[in-house]
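Me: I am new to this structure. Could you show me how to read its charged pairs and one of its pockets?

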Amino acid sequence: MPTVEELYRNYGILADATEQVGQHKDAYQVILDGVKGGTKEKRLAAQFIPKFFKHFPELADSAINAQLDLCEDEDVSIRRQAIKELPQFATGENLPRVADILTQLLQTDDSAEFNLVNNALLSIFKMDAKGTLGGLFSQILQGEDIVRERAIKFLSTKLKTLPDEVLTKEVEELILTESKKVLEDVTGEEFVLFMKILSGLKSLQTVSGRQQLVELVAEQADLEQTFNPSDPDCVDRLLQCTRQAVPLFSKNVHSTRFVTYFCEQVLPNLSSLTTPVEGLDIQLEVLKLLAEMSSFCGDMEKLETNLRKLFDKLLEYMPLPPEEAENGENAGNEEPKLQFSYVECLLYSFHQLGRKLPDFLTAKLNAEKLKDFKIRLQYFARGLQVYIRQLRLALQGKTGEALKTEENKIKVVALKITNNINVLIKSREEPSGEVEVAEVGEHEEIVVGEDSTE
């Protein structure tokens with residue numbers, strides 16, 4: 001076990017040897033043995049071993065193992081020094097191994113040490129992106145849970161900071177290939193992170209790239225399987241996947257497969273949905289996602305059938321007027337509730353799909369059904385106008401800070417929703433026309449006839 005003096009002496013031999021340094025294998029071995037010494041000897045070894053590493057390829061394994069021992073030392077200052085120097089070992093075929101080691105070291109709870117590991121990984125990423133990815137994905141696929149979690153987070157936060165000359169097309173293709181392997185078995189949180197990683201790649205910004213991502217999400221959502229509304233995990237997986245798919249849809253990347261699944265499998269089971277997320281209005285969440293996707297739906301095989309399912313669900317939230325008693329008053333005990341948020345989403349989706357079958361209301365419904373719909377629509381529109389007037393009156397003259405109170409924020413949202421519905425109801429006169437509404441899906445319901453705008 002060498003002393004501090006012996007370590008300095010052998011360091012001097014190697015430093016003075018210049019081009020003949022590789023001939024002094026014994027001196028380098030003394031430095032490697034420094035990892036067995038005390039604190040001072042280990043600190044020196046952590047600095048000296050990487051300095052001459054490249055001159056002794058036959059001792060590469062021994063040197064890396066010695067440095068790894070120092071990375072796991074009980075003394076945090078020794079660990080930090082050893083980690084800081086690790087990128088110097090990342091040469092040639094050693095780089096993937098160093099990347100693997102650094103990825104494992106992400107599990108540290110010491111913040112300074114964790115930052116050193118991150119910086120070291122970024123450093124070798126710039127030397128050889130493919131080799132570094134090999135080490136990272138190796139641990140993501142086979143490492144411990146904490147290492148897997150932190151390696152995925154490293155990729156999701158650090159890839160976007162790398163310059164274009166590092167993230168070449170070939171490197172991005174490797175990220176996509178390896179990510180697909182990981183996506184075969186991921187948690188919901190991991191899936192979201194990988195979609196963030198993949199959607200940020202330049203090569204996937206094209207129409208064909210976005211289409212690839214949609215197909216990945218569809219596979220993850222398991223759209224070939226029968227939907228189970230009573231299984232919270234099944235419901236949660238579908239919602240997680242759909243949320244990831246929505247930003248990818250456009251006039252060139254269609255949402256048809258997802259919209260079809262929602263119409264055929266989810267809408268008929270809307271009232272039976274269960275969710276593990278406390279406080280989430282799961283039915284409104286589903287309807288909001290359907291509305292967001294409906295704008296980008298392409299040609300649908302069973303359009304009339306699915307449009308009818310959408311129409312039937314809309315009717316459930318558009319009540320008939322209450323029957324009047326002989327004295328002209330409401331014969332029932334309660335006024336029906338108008339769930340504006342639900343109707344907004346359903347009416348918007350119905351309008352978007354209805355544009356593909358403009359004669360649905362006039363040619364596909366019998367006279368009684370159409371008459372019933374008109375009665376419901378007129379009753380809903382009357383309640384809507386009353387509520388819009390109440391909201392405008394309540395918000396009249398309020399500006400700035402007054403509009404930022406929780407009560408007034410709710411009223412502003414309610415006014416946006418009711419105005420959206422108003423536009424959509426008027427558009428029913430021309431189902432194939434263009435309609436512009438604000439973002440759909442906030443929550444609001446009232447009881448018809450109440451004076452309150454709460």
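Reply: Start with Glu304. Its relative accessibility is 34%, so Glu304 counts as partly exposed. Buried means under 20% relative accessible area, exposed over 50%, and partly exposed in between, with a 1.4 Å probe and protein chains only. This is a predicted model: local features need pLDDT of at least 70, side-chain atom pairs count only at pLDDT 80 or more, and totals for chains, interfaces and linings use all residues. Residues are numbered from 1 along each chain as its sequence is written, and side-chain values use heavy atoms, with hydrogens and water left out.

Me: Which residue meets Glu304 in a salt bridge?

Reply: First, the idea. Side chains of opposite charge can pair when their charged atoms come close. A salt bridge is a side-chain nitrogen of Lys or Arg within 4 Å of a carboxyl oxygen of Asp or Glu. Here the partner of Glu304 is Arg308, at 3.6 Å, N to O. Arg308 is partly exposed, at 28% relative accessibility. Helices are DSSP runs (H or I, at least four residues), numbered from the N terminus.

Me: How many salt bridges does the structure hold?

Reply: It holds 19. One of them pairs Glu113 with Arg79, at 3.0 Å, N to O. That pair links distant parts of the chain: Glu113 is in helix 7, Arg79 in helix 5 (residues 76-85), and they are 34 residues apart.

Me: Is Glu113 buried or exposed?

Reply: Buried, because its relative accessible area is 3%. Arg79 counts as buried too, at 16%. Contact means heavy atoms within 4.5 Å. Leaving aside neighbours within four places in sequence, Glu113 is in contact with Val76, Arg79, Arg80, Ile83 and Thr108.

Me: Now the pocket. What is the volume of the second largest pocket?

Reply: A pocket is found on a 1 Å grid over the protein atoms alone: an open set of points with protein on both sides within 12 Å along at least five of seven lines. Lining residues have an atom within 4 Å of a point. Volume is the space filled by probe spheres set on the points, which are joined across faces, edges and corners. The second largest pocket has about 180 Å³. Of its 14 lining residues, the closest to the centre are Leu159, Lys160, Ile197, Gly200 and Leu201. Helix 9 (145-158) and helix 11 (188-199) each give two or more residues to the lining.

Key: 1 Å grid on protein atoms, 1.4 Å probe; cavity = no way out; pocket = protein on both sides within 12 Å on 5 of 7 lines; lining within 4 Å.
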